[in-house]
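Me: I would like to understand how the words used for a structure follow from its values. Could we go through them one at a time?

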Amino acid sequence: MHSVALDEFDVRLLHALQQDSRLTHSELADRVFLSASQCQRRIKRLEELGVIAQYAVRLSRTHTGFGVLAIIHVSIEKHGKFPAQEFQQWAQNAPQVLECYATMGDFDYFLKVVASDLTALNEFMMQQLLNSSIIRQLRSNILLQEAKLTHDRLAEYAAVG
């Protein structure tokens with residue numbers, strides 16, 4: 001896997017799409033100072049190169065009834081291929097788990113989890129996580145406020161990183 005060189009127009013185009021992926025080519029052209037046809041060609045190229053991985057809708061947790069967001073660090077009991085695959089498969093199927101990352105350090109996995117309230121989060125942790133034979137230890141943090149959502153500015157970081 002290699003990184004793709006992005007020029008100033010690519011960065012502006014990606015930034016505009018990250019702000020609003022529903023913009024038309026004409027609207028993008030006005031924002032990035034290119035023609036609509038150039039925007040269309042560049043978007044197609046960025047999609048083909050895998051720079052644009054997907055288009056998605058970001059839902060409001062508050063308006064959809066998921067007022068609690070937590071980070072849960074998980075240590076699994078045994079290491080190796082099969083416990084890791086089992087845990088990752090479980091995480092894929094758990095609707096409360098928004099993101100799951102294998103990590104190095106004190107814990108094996110990092111989960112980003114939503115719940116309707118603290119009672120629902122507690123039930124999820126007690127019944128699904130701590131009740132599992134492959135989970136050894138948990139540490140959780142309740143997220144209070146979203147101070148920065150990095151992926152909204154990923155294109156700008158890619159240009160300077």
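Me: What makes Asp7 count as buried, partly exposed or exposed?
Reply: In this predicted model, Asp7 has a relative accessible area of 32%. Buried means under 20% and exposed means over 50%, so Asp7, lying in between, is called partly exposed.

Me: How do you know that Asp7 forms a salt bridge with Arg42?
Reply: The closest N and O atoms of Asp7 and Arg42 are 3.0 Å apart, and the rule asks for a side-chain nitrogen of Lys or Arg within 4 Å of a carboxyl oxygen of Asp or Glu, so the pair qualifies as a salt bridge. This pair links distant parts of the chain, with Asp7 in the segment before helix H1 and Arg42 in helix H3, 35 residues apart.

Me: Why is Arg42 called buried?
Reply: Its relative accessibility is 19%, and because the limit for buried is under 20%, Arg42 counts as buried.

Me: Why are Glu48 and Lys44 said to be separated by about one helical turn?
Reply: They are described in this way because they are 4 residues apart in helix H3. Glu48 and Lys44 also form a salt bridge, their closest N and O atoms being 2.9 Å apart, and Glu48, with 59% relative accessibility, is called exposed because that value is over 50%.

Me: Why is H2 called roughly perpendicular to H3?
Reply: Helix H2 (residues 25-32) and helix H3 (residues 36-48) pack at an angle of about 100°, with their axes 8 Å apart. Angles of 65 to 115 degrees count as roughly perpendicular, so H2 is described as roughly perpendicular to H3.

Me: Which residues of H2 and H3 meet, and how many of them are nonpolar, polar or charged?
Reply: His25, Ser26, Leu28, Ala29 and Val32 in H2 meet Ala36, Cys39, Gln40 and Ile43 in H3. By class, this contact has 6 nonpolar, 3 polar and no charged residues.

Note on methods: Residues are numbered from 1 along each chain as its sequence is written. This is a predicted model: local features need pLDDT of at least 70, side-chain atom pairs count only at pLDDT 80 or more; totals for chains, interfaces and linings use all residues. Side-chain values use heavy atoms; hydrogens and water are left out. Axes are lines fitted to C-alpha atoms, for helices over the stretch in contact, and angles run from 0 to 180 degrees between N-to-C directions. Helices (H or I, at least four residues) and strands (E, at least two) are DSSP runs, numbered from the N terminus. Angles under 35 degrees count as roughly parallel, over 145 as roughly antiparallel, 65 to 115 as roughly perpendicular and the rest as oblique. Contact means heavy atoms within 4.5 Å. Ala, Val, Leu, Ile, Met, Phe, Trp, Tyr, Cys and Pro count as nonpolar, Asp, Glu, Lys and Arg as charged, and the others, Gly among them, as polar. Buried means under 20% relative accessible area, exposed over 50%, partly exposed in between (1.4 Å probe, protein chains only).
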